[in-house]
Amino acid sequence: MRIQIINGPNINLLGKREPSIYGSVTFEDYLAELRKAYKDIEINYFQSNIEGEMIDCIQQAGFEADGIILNAGAYTHTSIALQDAIRAVTAPVIEVHISNVHSREDFRHVSMIACACKGVICGFGLNSYRLALEALR
């Protein structure tokens, strides 16, 4: 099984950015733990602060991977282009968020991509990625 994780803007700052919300672990450290726990799954990882690069990754992985785990960061709330890319590919996509976006600012309560995704997982810290992986398994 092949899973593509795609992280959007500012996820590269995990461990440094607002640790009270996002924790103190870097994504790279968490990814190493995830790969160790799921040795039978090929987990590919991509992060970009640029919307177009994220779309390119969805298009490239979306016909070959068995699933995509997508944390689009702030683009979740603004990007119809990401929604279109998700709809264009055959791989199921699960939207994830580290924090519970529904307990935060009102603008974070609206997702432009959720309607194109198989499901949404939020609020479980980095474990949101593990839960998405289990859902795709």
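Author: The side chains of Ser 79 and Glu 51 are joined by a polar contact of 2.3 Å. Keep in mind that this is a predicted model.

Reader: OK, and where does Ser 79 sit?

Author: Ser 79 lies in the loop between β3 (67–71) and α4 (80–88).

Reader: Is Ser 79 buried or exposed?

Author: Buried: the relative accessible area of Ser 79 is 2%, and the cut-off for buried is under 20%.

Reader: What does Ser 79 touch, not counting residues up to four places away in sequence?

Author: On that count, Ser 79 touches Glu 51, Met 112 and Ile 113.

Reader: Switching topic: how many aromatic pairs turn up in the whole structure?

Author: Searching the whole structure gives four aromatic pairs. In one of them, the ring centres of Tyr 30 and Tyr 129 are 6.3 Å apart and the planes are at 55°, so this pair is tilted.

Reader: Why tilted, and which parts of the chain does the pair link?

Author: Tilted because the angle of 55° falls between the limits of 30 and 60 degrees. The pair links distant parts of the chain, 99 residues apart: Tyr 30 is in helix α2 (residues 27–37) and Tyr 129 in helix α5 (residues 127–136).

Reader: And are those two tyrosines buried or exposed?

Author: Tyr 30 counts as buried at 8% relative accessibility, and Tyr 129 counts as buried at 0%.

Reader: Which residues form the aromatic cluster?

Author: One cluster is made up of Phe 27, Tyr 30, Tyr 45 and Tyr 129.

Definitions and conventions
Residues are numbered from 1 along each chain as its sequence is written. This is a predicted model: local features need pLDDT of at least 70, side-chain atom pairs count only at pLDDT 80 or more; totals for chains, interfaces and linings use all residues. Side-chain values use heavy atoms; hydrogens and water are left out. Rings of Phe, Tyr and Trp (its six-membered ring) pair if their centres lie within 6.5 Å; planes under 30 degrees apart count as stacked, over 60 as edge-to-face and the rest as tilted. Helices (H or I, at least four residues) and strands (E, at least two) are DSSP runs, numbered from the N terminus. Buried means under 20% relative accessible area, exposed over 50%, partly exposed in between (1.4 Å probe, protein chains only). A polar contact is a pair of N or O atoms within 3.5 Å; within protein, one must be able to donate a hydrogen and the other to accept it, and residues adjacent in sequence count only if both atoms are side-chain atoms. Contact means heavy atoms within 4.5 Å.
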